[in-house]
Amino acid sequence: TRPMTLALARFVDFAVKGDEFGWLVALEGERNVSFPIKRAYYIFGTRPGVRRGKHAHRQLTQMMVCIAGRCTVLLDDGKASVEVELARNDRGLMLDRMIWHEMYDFSPDCVLLVLADNRYDEADYIRNYDVFKAACT
Ligand code: TYD
């Protein structure tokens with residue numbers, strides 16, 4: 001994984017609680033997740049060769065955590081793009097608004113948890129890359 005070069009996306013490392021039972025990570029809105037969490041969804045059972053996402057959000061802020069397995073995420077802020085690997089259950093990827101993102105190379109066991117600061121709203125999506133690029137300038 002190359003170092004993160006996008007201003008609008010960053011990794012956040014979570015504290016891991018370990019005891020004789022095993023491990024636990026807690027995600028709390030406005031604490032280790034910077035925004036108030038209004039929605040959580042998770043992507044799993046992704047079939048080989050699938051590319052998901054391929055959109056940006058006008059307003060939505062999200063955090064992705066690969067809580068099992070691995071996947072790759074392409075991020076593009078309209079100026080530069082970077083490919084990052086998500087393979088840790090103790091590290092979140094913060095995506096501010098207006099970042100084009102695509103997810104692929106999911107391992108069969110991948111569970112990608114996504115936290116969002118708002119409910120699902122199709123009107124918030126930009127699904128056309130040229131429209132995204134134009135909105136960035
Ligand atoms: P989609 O946004 O296409 O997934 P991705 O961008 O990750 O490939 O969503 C897939 C389907 O799930 C689509 O019918 C919309 C629906 N959906 C919800 O109902 N609620 C949600 O919170 C999300 C993210 C998607």
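The structure is a predicted model, in which local features need pLDDT of at least 70, side-chain atom pairs count only at pLDDT 80 or more, and totals for chains, interfaces and linings use all residues. Residues are numbered from 1 along each chain as its sequence is written, and side-chain values use heavy atoms, with hydrogens and water left out.

**Ligand site**

- A polar backbone atom of Gly 53 is 3.0 Å from an oxygen atom of the ligand.
- An N or O atom in the side chain of His 55 is 3.2 Å from a ligand oxygen atom, and a polar side-chain atom of Arg 127 lies 3.5 Å from an oxygen atom of the ligand.
- On its own the ligand has 530 Å² of accessible area (Shrake-Rupley method, 1.4 Å probe), of which the protein covers 59%.

**Sheet**

- Five strands form an open sheet in the order S1-S9-S6-S11-S4, with antiparallel pairing; two strands pair if DSSP finds at least two bridges between them.
- Strand S1 (9–13) and S4 stand at the edges with a single partner strand each, so one side of each has no neighbour in the sheet.
- From one strand to the next, the twist averages 25°, with axes fitted as lines to C-alpha atoms and angles run from 0 to 180 degrees between N-to-C directions.
- Strand S6 (residues 62–68) pairs with strand S11 (residues 111–116) in the antiparallel sense over six bridges, and Met 63 has Leu 115 as its bridge partner in S11.

- Glu 102 lies in strand S10 (residues 100–104) and is buried, with a relative accessible area of 11%; buried means under 20%, exposed over 50%, and partly exposed in between (1.4 Å probe, protein chains only).
- The side chain of Glu 102 makes a polar contact of 2.7 Å with that of Arg 51 and one of 2.8 Å with that of Trp 100; such a contact is a pair of N or O atoms within 3.5 Å, where within protein one must be able to donate a hydrogen and the other to accept it, and residues adjacent in sequence count only if both atoms are side-chain atoms.
- Asp 117, in the loop between S11 and strand S12 (125–126), is partly exposed at 23% relative accessible area.

Methods:
Helices (H or I, at least four residues) and strands (E, at least two) are DSSP runs, numbered from the N terminus.
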